[in-house]
Amino acid sequence: MLVIWVGWGQTELGEFIKRSFTYPNLSLVDDMMKKHTTFTETKENGINRQLIKKTPPIQKNFIDEYLSGDCQAVLSAIPNDTFDLIVTSPPYSDSRKNTYGGVHPDKYVSWFIPKAAEFFRVLKPTGTFILNIKEKAHNGERHPYILDLILSMRKQGWLWTEEYIWVKRNCYPGKWPNRFRDSWERCLQFNKSRKFNMYQDEVKVPVGEWAKTRLKNLSKTDKTRDESEVGSGFGKKISNWVGRDQVYPTNVLHFATECGNVGHSAAFPEALPTWFIKLFTKKGDLVLDPFAGSGTTALACIKLDRNYTMVDIMPEYKELAERRLANEQNKPKPD
Ligand SMILES: C[S@@+](CC[C@H](N)C(=O)[O-])C[C@H]1O[C@@H](n2cnc3c(N)ncnc32)[C@H](O)[C@@H]1O
């Protein structure tokens, strides 16, 4: 403890203690030590360790900016608790080797976890992290690296709050010897706390045709609250929905894949970040996409009056994104 005191100021130590209580699972010692200190070891006896304070350069301009570089390094210069939402689609394991490189499935967790530690640090306690990802088949079976990643992120302090399934509405047919064509991807939701911002009314959907028949002749049970049999606390009262034309959606999302030529081989459809931005942020909030590619998330932010920070390791994607964003900003605004 004495060693920590030498390296940190009182404020940092206070913050460390506060955050350790708030996120008991997070190995903050390692994290904070790496971030704020550097070791020098005397060669004479090899045990005389001395901590030297390291001041990371603070990234001043990151609001509505597209920053080039490795997201872990770029984010290390951004203050704690900055973003309201992180929504992103990282490189999937081993895919896209010919463009921006791939990570072997066995190494995916160790590649991702240090980045996830930075995401945790820069996300506000009320914020949400949406991770769009899909495991590939490897040696004839689904590789479990995403399941391993979820477990490792939970150890890091994340709550695995929900999982949305993105169904690719326009998936074309195909034939494989041992499986059918992939037509869905995971959108994993992680939070730092059970109390996070969520604006459910912003993503309501039309009630649908089913209501015409299902709500026409209500049974006795439909008119009382039907408690969940498994004791989850969730119940339903069908008659509550009579006369409504908008209802809450399910956790299965139907969006067409990106077909337009945006110049990036793995762009997600704008509808995907748009949906999560509406659900988890309000106007003026700040959204991070640490694997920003062609800037689809920024485009959605501009249209929804949110602020953004985009990061990507490939400088050419910054140019591509800036062209896309400029096109959007130059469009005549509706009266
Ligand atoms: C699946 S693509 C994201 C596409 C994006 N959602 C879009 O709509 O264009 C993943 C991106 O991660 C970037 N990337 C890979 N490793 C990175 C790293 N360490 N830090 C930041 N970006 C990285 C790649 O250059 C690639 O553009």
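Predicted model: local features only at pLDDT ≥ 70, side-chain atom pairs only at ≥ 80, totals over all residues.
**Ligand.** I then looked up which residues come nearest to the ligand, and of the 20 residues around the ligand these are Ala267, Phe291, Gly293, Ser294 and Thr296.

**Chain.** I noted the secondary structure next, which comes to 10 helices and 16 strands. Of the 335 residues of the chain, 29% count as buried. I also looked at how far apart in sequence the contacting residues lie: among contacts between residues at least 6 apart, 67% join residues at least 24 apart.

**Strand β4.** I turned to strand β4, residues 83-88, and asked how many of its residues are buried. I find that 6 of the 6 are buried, taking 20 or more other C-beta atoms within 10 Å as the cut-off, and therefore I record β4 as largely enclosed by the rest of the structure.

**Partners of β4.** I followed the bridges from β4 to strand β5, residues 123-133, and found 5 of them, with the two strands running parallel. Within this pairing I noted that Phe83 has Leu123 as its bridge partner in β5. I then followed β4 to strand β15, residues 286-289, where 2 bridges join the strands, and these also run parallel. Here I noted that the bridge partner of Leu85 in β15 is Val287.

Methods
Residues numbered from 1 in each chain as written. Near = placed C-beta within 6 Å. Helix = DSSP H or I, 4+ residues; strand = E, 2+ residues; numbered from the N terminus. Buried ≥ 20, exposed ≤ 12 C-beta atoms within 10 Å, placed from the backbone. Contact = placed C-beta atoms within 7 Å. Pairing = 2+ DSSP bridges.
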